[in-house]
Amino acid sequence: MGENGQVPERNIEFGKYGARGVRGSDLVARRLDELAGGIATPVTVRRGWTARLHYLTRTDHARAAARDAGLTVTDRTLKAWLEGKRSPSKANLARIDAAYRTVRRQNVARHLLKRLNREGRGTRVEIHPLNQSQVDRPRQRAVEYRTMNVRRWDRIVGSWAVGDYQGLDDVWTTDVLPDLGSQWGAYEYVTNVGFAA
């Protein structure tokens with residue numbers, strides 16, 4: 001620990017000198033969303049929102065999960081949408097999409113977790129450093145491409161599945177990144193985090 005209890009090399013004022021990147025935990029969430037798959041057609045197209053509604057209404061469990069996720073329209077409205085008699089408003093399209101993503105995450109989380117943990121062997125993660133091309137030479141950090149094996153995905157996937165991005169960030173920055181060694185703080189913001197499952 002350095003002065004004031006700060007960990008050395010952390011990105012306290014990220015971007016101050018022109019560095020570009022994204023919080024690594026945000027990229028992990030995006031990658032998990034990609035691995036979860038789902039309906040590719042945009043929610044703004046009739047085919048997209050009807051496919052999402054069919055997914056959210058196919059069972060009583062799915063309907064309850066959709067309600068819990070914020071899709072609180074009446075059964076009559078759902079029926080009118082599915083029969084093509086009415087179309088959802090822009091706000092309801094956003095609710096349909098958000099509910100779909102939430103329910104989809106919950107449905108695939110257990111399977112995804114099993115694939116990522118691989119019976120304790122874990123999954124190789126590639127971390128691409130932040131972009132420092134706009135930073136003056138004297139202020140650039142020596143940050144390079146890194147790989148690591150993450151064996152503990154339970155809290156990461158658990159946070160992602162319930163949409164707890166702060167929890168995911170906490171796990172990523174306190175449990176995973178320190179495995180990179182003393183320079184781990186330089187990898188809070190990166191250009192890419194890649195892994196397969």
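Contact here means heavy atoms within 4.5 Å. The model is predicted.

Q: Are H2 and H4 parallel or oblique to each other?
A: Their axes cross at roughly 135°. Angles over 145 degrees count as roughly antiparallel and 65 to 115 as roughly perpendicular, with the rest oblique once those under 35 are set aside as roughly parallel. The pair H2 and H4 is therefore oblique.

Q: How do the residues of the contact of H2 with H4 divide by class?
A: By class, the contact divides into five nonpolar, three polar and one charged.

Q: What is the relation between H2 and H3, given their packing angle?
A: H2 and helix H3 (residues 60-68) pack at about 115°, with axes 6 Å apart. The range for roughly perpendicular is 65 to 115 degrees. H2 and H3 are therefore roughly perpendicular.

Q: Which residues of H3 make the contact with H2?
A: H2 contributes Tyr55, Leu56 and Thr57. The residues of this contact divide into four nonpolar, one polar and one charged. From H3 come Ala62, Arg63 and Ala66.

Q: At what angle do H2 and H5 pack?
A: Helix H2 (residues 46-57) and helix H5 (residues 90-117) have axes 10 Å apart. Their crossing is left-handed. The packing angle is about 50°, which makes H2 oblique to H5.

Q: How many residues of the contact of H2 with H5 are charged?
A: In H2, Trp49, Arg52, Leu53, Tyr55 and Leu56 take part. They meet residues in H5 including Asp97, Tyr100 and Arg104. The contact has nine nonpolar residues and one polar, and the charged ones number three.

Q: Which helix supplies the largest share of the lining of the second largest pocket?
A: This pocket has a volume of about 160 Å³. Its lining includes Asp33, Arg52, Asp97, Arg104 and Trp160. Helix H1 (24-36) and H5 each supply at least two lining residues. The largest share, five residues, comes from H5.

Q: How many charged residues are in the lining of the second largest pocket?
A: Among the lining residues are Arg101 and Arg105. Four of the lining residues are nonpolar and two are polar, while the charged ones number six.

Key
Residues are numbered from 1 along each chain as its sequence is written. This is a predicted model: local features need pLDDT of at least 70, side-chain atom pairs count only at pLDDT 80 or more; totals for chains, interfaces and linings use all residues. Side-chain values use heavy atoms; hydrogens and water are left out. Axes are lines fitted to C-alpha atoms, for helices over the stretch in contact, and angles run from 0 to 180 degrees between N-to-C directions. Helices (H or I, at least four residues) and strands (E, at least two) are DSSP runs, numbered from the N terminus. A crossing is left-handed if the near helix is turned anticlockwise from the far one by less than a right angle, and right-handed if clockwise. Ala, Val, Leu, Ile, Met, Phe, Trp, Tyr, Cys and Pro count as nonpolar, Asp, Glu, Lys and Arg as charged, and the others, Gly among them, as polar. On a 1 Å grid over the protein atoms alone, a cavity is a set of points where a 1.4 Å probe fits but cannot get out, and a pocket is an open set with protein on both sides within 12 Å along at least five of seven lines; lining residues have an atom within 4 Å of a point. Grid points are joined across faces, edges and corners, and a volume is the space filled by probe spheres set on the points.
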